[in-house]
Amino acid sequence: MLYTRCATLAASLLACLSALATSCASAQDSFPSKPIRIVVPYAAGGSTDQLARAIQQPMEKFLKQPVIVENKVGAGGAIGTESVVRSAPDGYTLVFGNSGPNAILPLLRKTPYDPVKDLRPISIVAVTPLILAVTANNPAKNLKDFLALAKQSGSSWNFGSVGNGSLSHLTGEYFNSMAGLNLLHIPFNGGAPLMIALAGGQLQAAFITGLDGMAMAQAGKVRYLAVTSPSRTKIFPKLPAIAEQVPGFRSIAWFGVLAPKGVPDKIAEKLHEAVVYAVGRPEVEKMFAARQVEAHSSSPQELEQTIHDEMKQWGAVAKHSNIHLD
């Protein structure tokens, strides 16, 4: 009798497990069956937000479901990123991330998530170097001049950034270390006030994005000297790379899509296909180029490796320059 009951219970359990597996497989095969939400952890209208909205419609076309971009602002991108980490790992909630909350911020202060353990990379969407820019009346006409003048005895030159612990801040400190300079860091609260200060002559230099600097550069109020990529780029083909004068120098801003850890493989693959399709659309490439970023899709492994490499690089810079956020 006991044997019969055990056998019946085992059979029932096996049937339940089989039904559950069939149900999960069916859900993955039918993905997506409802709208997908992409969380941008920054304010609407900013560079990250603009790039996320550029891939919105192409992803909708590929997935045949609405794609909703939602802004969740705060804590340098940590609030929006955490909301995605805590969401169900079903592929319906994604984050449009970048170097800040996904590589740098966790190095500088405690965050309620681990970008490596808690997020699954889907694809890079865009990359761009930062630009070493100077005010229009700066005597340095090129990178070689800048390095020579900044090294002069008694030099009190400074550089600005979009905020303490930002990529532009770390890039400036990395530049100091690699080039043997002692530029004083002046933080600002975002790209707009930084550009106003640079154009007004309150700063000698700044590491900026092309999107932040475009208007001032076109108006002749600031001058670009070099890019932070390892070599010249097709976005700024006439600008030398800092690495041409400072061998080994490298700083790249990236933007990409990530999902909560635990998203099933089939769903992650479908999302990857959708992002690659969107990034490859001519209209998206054109829109990105107009904002001086390069459309660039990747494998999940490439994005994962990028995050690992950045955490190693910027962790060393933060330690060397004693950068931390309270």
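Let's start with charge: this chain carries 29 positive and 23 negative side chains, and the centres of the two sets sit 2 Å apart. Here Lys and Arg count as positive and Asp and Glu as negative, with His and the chain ends not counted; each charge is placed at NZ of Lys, CZ of Arg, CG of Asp or CD of Glu. What you're looking at is a predicted model, where local features need pLDDT of at least 70 and side-chain atom pairs count only at pLDDT 80 or more, while totals for chains, interfaces and linings use all residues. Residues are numbered from 1 along each chain as its sequence is written, and side-chain values use heavy atoms, leaving out hydrogens and water.

**The chain as a whole**
- The secondary structure comes to 12 helices and 11 strands (DSSP runs numbered from the N terminus: H or I of at least four residues for helices, E of at least two for strands).
- Along the principal axes, the C-alpha atoms fill a box of roughly 95 × 40 × 30 Å.
- Of the 326 residues, 47% count as buried, meaning under 20% relative accessible area with a 1.4 Å probe and protein chains only.
- Among contacts (heavy atoms within 4.5 Å) with a separation of 6 or more, 77% join residues 24 or more positions apart.

**The nonpolar cores**
- A nonpolar core is a set of buried Ala, Val, Leu, Ile, Met, Phe, Trp, Tyr and Cys residues joined through side-chain atoms within 4.5 Å.
- The largest one has 33 residues, and Ile55, Met59, Phe96, Val125, Val257 and Phe288 touch the most other members.
- Helix H10 (residues 265–279) gives the most to this core, with 7 residues.
- Apart from this core lies another, of 31 residues, including Leu132 and Trp314.
- Leaving aside neighbours within four places in sequence, Phe288 is in contact with residues including Leu51, Ile55, Val125 and Glu294.

**Helix H7**
- Just after H7, Gly180 takes a positive phi of about 70 degrees.

**Helix H9**
- In H9 (residues 210–218), the buried residues are Gly210, Gly213, Met214 and Met216.
- Those buried residues pack against strands E5 (131–135), E8 (205–208) and E9 (222–227), along with helices H8 (191–199) and H11 (282–290).
- Just after H9, Gly220 has a positive phi of about 80 degrees.

Note on methods
Buried means under 20% relative accessible area, exposed over 50%, partly exposed in between (1.4 Å probe, protein chains only).
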